[in-house]
Amino acid sequence: MAGHSTTHVDAGSAWGGKVSPFNVSYGKMMMWFFLVSDALTFGGLLISYGFVRHTTEGAWPIGEETFEALPFLGHGYPLAYVALMTFILIVSSVTMVLAVEAGHRMDKKGVVKWMLATIIGGFFFVGSQAWEWSHFMHGTDWGSVELADGSRAIVKGHFGEFESFTVVEAGKHHKKGEVIKESSDELYHHFREAVLAGHVKDGKMMLHDGSIVTWKRQADHEVKLIVKTDGNGVALKKRTVIEGKDAEKKYWEAVNSGEKGRLVYGANLLSLSEPNEYGPTQYAQLFFFITGFHGFHVFSGVVINILIFLGVVKGTYHKRGHYEMVEKTGLYWHFVDLVWVFVFTFFYLV
Amino acid sequence: MERDDIYEYSLDTHHSEEVGKKIRRKIWVVTAILTVITGIEVAIGGMVHQDNPYWYIVKWLFIGLTLLKAGYIVLTFMHLGDERKVLRYVILVPYFIFIIYLIFIALTEGNAVHSTWTNYGG
């Protein structure tokens, strides 16, 4: 038994705390193991996205068609906004690695500066994601449309702005013959409400006070209907595109039908059976889940960064003799960037 | 209480101003590479549409560029390239084995479900 007793583990032997086979500290190794498990979670989520996408094929929304809006500038800029978001996150990853580098030189001022920049970048990213979400939920001015044959199309082009409503039948708040002049956004808002309620018929719509109005608006431009599913909701082998006057006619025919559900705006999680504007409902579900889970990581990353930042400012790590805490939180932050690179590719590019 | 049984591996990672300069240059080079790759991806994504006959090439190009970006982030920003080989493999090998398997099984199944729906009705 003597042979056994000499191999027992104590503080003086390997694994006793003095020698690590990986030559890294316990904390850093555990951070890596955590990141591997988190990467498996994200991998699983993105792979489930791939699974669902492969089951629907042609009906699946395309990134450059779905995400093409910019704040203040409107539509027609495919992928520009998400490219900006990606750039913000890459830059904040760079400032983080610069903070780690400064820590290796025991340069406290440098760590403070670069960590602050990282935190600001993180806030910018979370903020832009909030804008993207709200835009995604709200949808375009057009919505998607169910055509007369039951097929469903997404709509591209410039939506003519509303100028005024003219009351043809009095309601609670408006008299006959009155011209309602509000901002085009407000008028559009009334219009969308009426469309969703099925209150638009033959060029007239009923407002929520019961008055019936006609509208005056500018012309639409470059209207394009992209049909992806047939009358039974099954994906077409090849999408068909309807353009020009024909597209305008078919779109407004659906609007003026007075039927509920012909137009769908934006994405929501309210109903599993109804489509959202962009395509199959699962698309919005996966979008909200995956970008939401990632956004949650970014947010918690910012919180952790702030905590570590306070430690740096207080001088806790300087006293300790090394800035490994910055390195560890840096690993987490880079991981968030890494995940975004994959989300960017599979949600927006391919 | 001061503990003498913990060896501070982190103390070994300190470096001088000169080494720091080199590392910083590397960081900026990688930044430029990542930015350029993202720019190329967005430009191609805006120009080549999915109904293009060459879409398959573009799609694989995107996936390749993504893996390239991921490689730069993991190896340079996360310093995995500077860690010991054994740690690198402990992290990467099990992950890739599992993920490749999962991709294969999920996409094969997805295609099977799709063909069932189209052939037998949904």
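## Figure legends for the predicted model

**View 1. The two domains of chain B.** In this predicted model, the centres of domain 1 of chain B and domain 2 of chain B, taken over C-alpha atoms, are separated by 23 Å. Domain 1 covers residues 20–82 of chain B, and domain 2 covers residues 84–122.

**View 2. The overall form of chain A.** Ten helices and twelve strands make up the secondary structure listed for chain A. The radius of gyration of chain A is 28 Å, whereas the globule rule gives 20 Å for 350 residues; chain A is therefore more spread out than a compact globule. The C-alpha trace of chain A spans about 100 × 45 × 35 Å along its principal axes.

**View 3. Packing of helices H4 and H10 in chain A.** Helix H4 of chain A comprises residues 80–104, and helix H10 of chain A comprises residues 324–349. Their axes lie 9 Å apart and form an angle of about 160°. Because angles over 145 degrees count as roughly antiparallel, H4(A) and H10(A) are roughly antiparallel to each other. The crossing of H4(A) past H10(A) is left-handed.

**View 4. Residues in the contact of H4(A) with H10(A).** On the H4(A) side, the contributing residues include A:Val82, A:Leu89, A:Ile90, A:Ser93, A:Met96 and A:Val100. On the H10(A) side, they include A:Glu327, A:Gly330, A:Trp333, A:His334, A:Asp337, A:Trp340 and A:Phe344. Sorted by class, the contact contains twelve nonpolar, five polar and two charged residues.

How values were computed: Residues are numbered from 1 along each chain as its sequence is written. Chains are lettered from A and ligands numbered from 1 in the order in which they are written. This is a predicted model: local features need pLDDT of at least 70, side-chain atom pairs count only at pLDDT 80 or more; totals for chains, interfaces and linings use all residues. Domain bounds come from an automatic or database domain assignment. Axes are lines fitted to C-alpha atoms, for helices over the stretch in contact, and angles run from 0 to 180 degrees between N-to-C directions. Helices (H or I, at least four residues) and strands (E, at least two) are DSSP runs, numbered from the N terminus. Angles under 35 degrees count as roughly parallel, over 145 as roughly antiparallel, 65 to 115 as roughly perpendicular and the rest as oblique. A crossing is left-handed if the near helix is turned anticlockwise from the far one by less than a right angle, and right-handed if clockwise. Two residues are in contact if their C-beta atoms, placed from the backbone, lie within 7 Å. Ala, Val, Leu, Ile, Met, Phe, Trp, Tyr, Cys and Pro count as nonpolar, Asp, Glu, Lys and Arg as charged, and the others, Gly among them, as polar. The radius of gyration is taken over C-alpha atoms; the globule rule is 2.2 Å times the number of residues to the power 0.38.
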